[in-house]
Amino acid sequence: MLLLRRLAGAGHGHRGGLAVAARCLASGVPREAADAVVVGAGVVGLAVARALAMAGREVVVVESAPSFGTGTSSRNSEVIHAGIYYPPRSLKASLCVRGKEMLYKYCAERGVAHKQLGKLIVATGAAETGKLDMLLRNAKENGVNDLQLMEGSQAMEMEPELRCLKALLSPSTGIVDSHSFMLSLLADAENLGTTVSYNTAVVGGRVGYEGLELHICESKELQNHPVGSHVTPQLVLLPKLLINSAGLSAVPLAKRFHGLDQAFVPDPHYARGCYFTLSQTKSPFSHLIYPLPEDGGIGVHVTIDLNGLVKFGPDVEWLDGGEEPVSCFLNRFDYSVNPTRCSVFYPVVRKYFPNLKDGSLEPGYSGIRPKLSGPGQTPSDFVIQLNDCRGRIYMVFLV
């Protein structure tokens, strides 16, 4: 691992210089053995790196961006979910319920900013009230036992600006400062010896009899790379363990591993969601407010961040799942928010917040959610695959 440490530097402040070492070797692509490699420095990648380092592994995190958490991990609602919506006995349900308690405990111990606000899931029409009963039963099967079903009058007493017929109160739902959380995970991992190499892209690899190869190059080498052409690696890593937690590029990366049975690699789907912020300074709500779930998401909801800023979103806009891999590796998605899109938000939000005034919504930000199911399809569970390469090497995909 000495070569990669020279390339990446030892810690968060270094930015990796793969080309420097490549130029030092006159012939051939340098090859380095590695213990555990994590692709992607989002919240999942950092948490995995921390756990592996705590278990005594020598960990390298490879991130194509200049810093950590620049993709999906920083473009979301920052909500700590309770585990209400997911199918019983699914990974999403069990990991959410367990992870919620672990996250609250971690944040309290490490001083990561968070708040247990609670949320109200509301039914605004007679046809929706039965769905709240279904959610309540589903949540109980998942081990979420603190929900309270209430009449609209009770919910509106708690939230005078709210209008609904019935509501489901989830007192354990909260919010977290995602950046501070990731910074804490990163500090933990680095203090245990983890090396993080930024501006470094894994562009493919090979699974064979001799084990696993990771093909790596500097991200800047991909900037003007012709679409569909071969990317020559500047470094080949030979890890004992690989964690593919690359978020938006996890599936495209898996598809670029020669020797990996592609029957086990799912097709990618991407759902773009926009947020609009409320211009008034005082929040009309003290809880998070959620409508009933919709196709591809859990509805345009009210989120209050730790600074008191009120956000509405995200909506769902399905994107073409056939993104060119290099675009995914460099996160070249369109994150702009069209101001005219607020015309869709007003009627949706006014179903539960009728006093929303014209002109009070301002463009906020957007995020892309990588999904394993597309529009109209039954939502998929997480896929965690363990690929045994003749008992000598393992490769795990988190998508």
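Student: Taking Ala, Val, Leu, Ile, Met, Phe, Trp, Tyr, Cys and Pro as nonpolar, Asp, Glu, Lys and Arg as charged, and the others, Gly among them, as polar, what classes line the second largest pocket?

Tutor: The lining has 10 nonpolar, six charged and two polar residues. A pocket here is an open set of points on a 1 Å grid over the protein atoms alone, with protein on both sides within 12 Å along at least five of seven lines, and lining residues have an atom within 4 Å of a point. This is a predicted model, where local features need pLDDT of at least 70 and side-chain atom pairs pLDDT 80 or more, while totals for chains, interfaces and linings use all residues. Residues are numbered from 1 along each chain as its sequence is written, and side-chain values use heavy atoms, without hydrogens or water.

Student: Which residues lie nearest the centre of that pocket?

Tutor: Pro291, Leu292, Glu294, Val348 and Lys351, out of 18 lining residues.

Student: And what gives the most to the lining?

Tutor: Helix 10, residues 342–349, with three residues. Helices (H or I, at least four residues) and strands (E, at least two) are DSSP runs numbered from the N terminus.

Student: New topic. What lines the second largest cavity?

Tutor: His81, Ala82, Gly83, Ile84, Tyr85, Tyr86 and Lys119. By class that is four nonpolar, two polar and one charged. In a cavity, a 1.4 Å probe fits but cannot get out.

Student: Is glycine 83 buried or exposed?

Tutor: Glycine 83 counts as buried because its relative accessibility is 2%; buried means under 20%, exposed over 50%, partly exposed in between (1.4 Å probe, protein chains only). Glycine 83 sits in the loop between strand 3 (79–80) and helix 4.

Student: Where does the backbone have a positive phi without a glycine?

Tutor: Glutamate 78 has a phi of about 55 degrees, and arginine 89 one of about 70 degrees. Most residues other than glycine have a negative phi, and most peptide bonds are trans. Glutamate 78 is in the loop between strand 2 (59–62) and strand 3. Arginine 89 is in the loop between strand 3 and helix 4; its relative accessible area is 76%, so arginine 89 is exposed.

Student: Which residues does a cis peptide bond join?

Tutor: Glycine 313 and proline 314, with omega about -5 degrees. Proline 314 lies in the loop between strand 17 (310–313) and strand 18 (317–319).

Definitions and conventions:
Nonpolar A, V, L, I, M, F, W, Y, C, P; charged D, E, K, R; others polar.
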